[in-house]
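Hello,

Here is the structure I promised to pass on to you. Please open it alongside this note, and I will walk you through what turned up.

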Amino acid sequence: MAITAERPHALPESHRAERLLEWVTTTDHKKIGILYMITALAFFLAGGVEAMLMRIQLSVPNNHFLSPAAYNGMFTLHGTTMIFFVVVPLLIGFINYFLPLMIGARDMAFPRLNALTYWLLLFGGLLLYFIIANDSVPDAGWFAYAPLTEVPYTLRNNVDYWVLGLLVASFGTIATAINIIVTVIKERAPGMSIRQLPVFVWMAVVTAFLILYALPSLTASQIMLLFDRHLGTKFFVPSQGGDAVLWQNLFWWFGHPEVYIMVLPAFGIISEVIPVFSRKPLFGRVVVIASGFAIGFLSFGVWAHHMFAVGIGFPAELAFGAASMTIAVPTGIKIFNWLATMWGGRIRLTTSMLFAVAFICEFTFGGITGVQFSIVPIDWQLTDSYYVVGHLHYVLFGGTIFAALAGLYYWFPKMSGRLLSERIGKVVFWLMVIGFNVTFFPMHILGLMGMARRVATYPNLPWWGTINFVETLGAATMGIASLLLIWSIIEGVRSGKPAGDNPWNAWTLEWATTSPPPPYNFATLPPVPIRSSRPLWDVAHQAQPQTTSAQQGQAEPSALRAARRSTTSFEERTPVAVLGMLALISSEVIFFGSLIAAYLEFRFRSTSGPGPASLDVGRTALFSIALWASSITLIVAERFLRRDNRRAFTALLCATIALGVIFMYGQITEFSTMYADNIKLSTNVFTSAFFTLTGFHGAHVVVGLGLLILLLGLTLTGRVSHERHPAAIQSIVYYWHFVDIVWVVIFTIVYLWNVL
Amino acid sequence: MARRTAIKLCSAARLPRLLLVSLSLLIFSACGSPFSSGSSLTTLVPVSTQGRAIYHQFIVVSVISTLVLFVVLGLVVWVLLHYRGKPGDSEPEQVANNRALEIIWTSIPVLILAGLFVFMVHTMRTVDASPKDPVVITVVGHQWWWEYQYREQNFTTASELHIPVDTPVTLKITSVDVIHSFWVPQLGWKQDAIPGKTNTMQLTVTKAGTYDGTCSEFCGTEHAWMRIRVIAEPLDQFNAWVQQQQQPAAQPATALAREGQQIFESSACVSCHVNSGAAPNLTHFGSREWIGSGVLDNTPANLARWINGVKQVKPGALMPSFNFTQSQLNALVAYLEGQK
């Protein structure tokens, strides 16, 4: 993407090949960011083609353009692609490219992990599409409600590929989240306090936490589905004691935060674009950030608002309805803050700003219909109708995609060194806005007319055909706008006007380096002194008195200093690798939480066959003591290592490993005894949940043992020491303790409970 | 301010005006006419007491929603009209806080939402209230048709759900395979049909008529053709219908129909359509309005087309396409259509 045309001689062939290879081997966050964005764009084309095929099918009543099965495949692929392989990677691409620049860092905290996460995402997406080669498309919808996805109803392996593709991509996304959090904690430029972080960075952090605590629930439920389909477990098979609603609970625990994973970075982009093009600081900056946190926090308490027609009971419906309504407050605050930022400004309506303004309008509309759905009786009437389809597209297209386009026009000059054509940009904008509203606004009317979502065709009822046809025209307009946009991007990369370092006269740190930035980002750190959240503004207005920063809600200097001091000491205490491990562990808690939830669901259910009474509590207690003892030996071992008593360390490490092995011996013999008694994974719902939960814990113990044995080997060969590798050792120790603590919870719930 | 506004209007008014014009054009072109023919907007013409409670809530919420939307859109237009900058402008005053304003725009939404919450509780109580001595009907979702069990009256039917008017009805909704959802917009609300779980839907329909709906939870290949028809009729008509359904179907009257009966009973039809629950019970088939859950109207020609060509009409349906000769087909159609 760099401007290299001025080079005096064409590069020799071998060099060109190397430069291509560099994109495969790169660990530069900027290149990875661009890879994410190009991948998202490619999948956007795929998802767009799917959308157009659907719109053609629906343009007239009783249409046979697509078979019902093909139509079902299209909306499943469209939803899955757009959510997991377009919106999320696009936003992660922006975060990857700009987060390190905005905090004055040279790269992400874990550059190689960063590269890995991109490739996981790409291959996850390819896995999802690979099944097309087998003439079968996932066709159970993007939320894949069981038991439709179970074996009697979906016999082909399309659902398996859907699961595997998302599992692979999810691992990548969780790793990215860890990377984002650690980067912001550890890699900020010297002198940049957390209060001075740009709002985009703040929203990226909230998003990362949402990913960390939402995605494991999807992973757990997908694993249960895969077990159901291939190993004969009964989690979601109601005819054999399973629970169809369990899937929905686990899925929406992930699925609703996912909405905010897709929306919060968009809020971040808007909070950067609007101030710059209004020439004013973001109004109520601290409140905007705090409301982002409030939304993130609340998003975990509203999942059942997707299930009001499921019959979850009056109290639950009231509680989830109220919680969902509450989210409107912080969201509304943000919208008013953006408007107040524009108020009294000198607004420049660049294409970027146009998209930001359109975002406010469309997102407000989508948000308001969202509030309507939080009101339980309205949801009873309108859920699963086209009213929902309209609502969600106003949030995700009019919201997120418009914000991403604002971000693209805003940051393209930084990425490429060239400006996108503003003339074409405005054409793209108007085509997009008109096409968008013509496509999605009438969907609300169709919903009110009683058109259910996900129907492959519909009877020739009054007005249905007309309105659907208009929507198809709107979709075609958006398709044209998208192609024009892509052409404009290609033109911009090849022959756009040179942008200069700071074409918009913006004030965050990414504009304090060249366009595009050099591989090392900044020559000096920090590139400019950081005195507020707008360092470049401060540089430009050095002569002015410091009243502005006081007005920006910056706290009293003493409090600020105190805040900075406390964060500094936190940074000093905790190395990068340990922070990463802690983040991973906190995410694993949700994974085990999901499995435990499934176990609790089925503990009392199985009326016949093996149940909790089949477990030998005393025997397991003995083996559990071995596992917990291993934590103590490890703590003591670490003490000795710190005192450089290598022999004692080695001995205690061996003891730890031995205790872990004893525990695993206990579990393996327990399982084999049960199998000998014909108590198997597939016997009933209880055994399904029991073996899955304890088995996954056992797998974690095995991984922990592997790490401990690796540590032992490296210690014995003298290649690891506390002085040189404190973080690595501490990470392994934390992981082992985590595995032990999880067992305290599992042992209490699964075993101890039976004798109490 | 006024002078600046006047200057700005020339250049700046274009965008918001275009925005407004296109928006209003859109609204009027897309929904002006359907609104006038009110019957199309089925969710806004409720015929049950429960539906009316929900409808009132929806209208109140929609009015508030529209007001909020216009406040925001109005502010957007206002700031775009008044605060446009041009190259060479000096930087504006750097205001970044206003405590009073922030309190206002936090507390007003809180108050509105609190009010809506109270209203919501009230509506939910109305909708969920259990009536005395309702007519209980069990609704069972199948891939891709609805089964209606009148257990107290001791018969089972399919295709159309008959209910009495001005009488409380309780639907017990469940499923035997995957998750479906029972939604008839004019009845006012929906509940999911979930295997292993029974949901309850209270209805008191106050106006006789035929109300169509559809399965609204995606349930597999033929989800689109799992439509619902509810026939609400005065109590005496309903009772007459119940009595007729309780009778065994009339013996075939013609030779052709008798031949059809023989074919029916000696072919694969009986394995699913008689007492198995795997396919609709065809007793009284001749009195039904639909074939294949709404994909075809029940006429002799359509029935013949259905029996030999299911895979063309409703490709995902679990029934196979048969290969009857034309005379066999005529006999079968005569038999089935005679089962009033």
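**Strand pairing in chain B**

In strand E10 of chain B, B:Arg227 is the bridge partner of B:Thr214. One thing to keep in mind as you look around: this is a predicted model.

That bridge belongs to a longer story. Strand E9 (residues 209-215) of chain B and strand E10 (residues 227-233) of chain B are antiparallel, and six bridges pair them. E9(B) also has a partner in strand E6 (residues 180-183) of chain B: these two run antiparallel as well, joined by two bridges.

**Chain B as a whole**

Stepping back, chain B has twelve strands and nine helices. Its length is 340 residues, and 39% of them count as buried. Among contacts in chain B with a separation of 6 or more, 70% are between residues 24 or more positions apart.

**A helix in chain A**

Now please turn to helix H10 (residues 328-342) of chain A. With 15 residues at 1.5 Å a residue, H10(A) should span 21 Å, and this agrees with its end C-alpha atoms, which are 21 Å apart. Is this helix buried or exposed? In H10(A), 15 of the 15 residues are buried, so the helix is largely enclosed by the rest of the structure. Just after H10(A) comes A:Gly344, which takes a positive phi of about 80 degrees.

Enjoy exploring, and write back with any questions.

Best wishes

Notes. Residues are numbered from 1 along each chain as its sequence is written. Chains are lettered from A and ligands numbered from 1 in the order in which they are written. This is a predicted model: local features need pLDDT of at least 70, side-chain atom pairs count only at pLDDT 80 or more; totals for chains, interfaces and linings use all residues. Helices (H or I, at least four residues) and strands (E, at least two) are DSSP runs, numbered from the N terminus. A residue is buried if 20 or more other C-beta atoms lie within 10 Å of its own, exposed if 12 or fewer, and partly exposed in between; C-beta atoms are placed from the backbone. Two residues are in contact if their C-beta atoms, placed from the backbone, lie within 7 Å. The expected span of a helix is 1.5 Å times one less than its number of residues. Two strands pair if DSSP finds at least two bridges between them.
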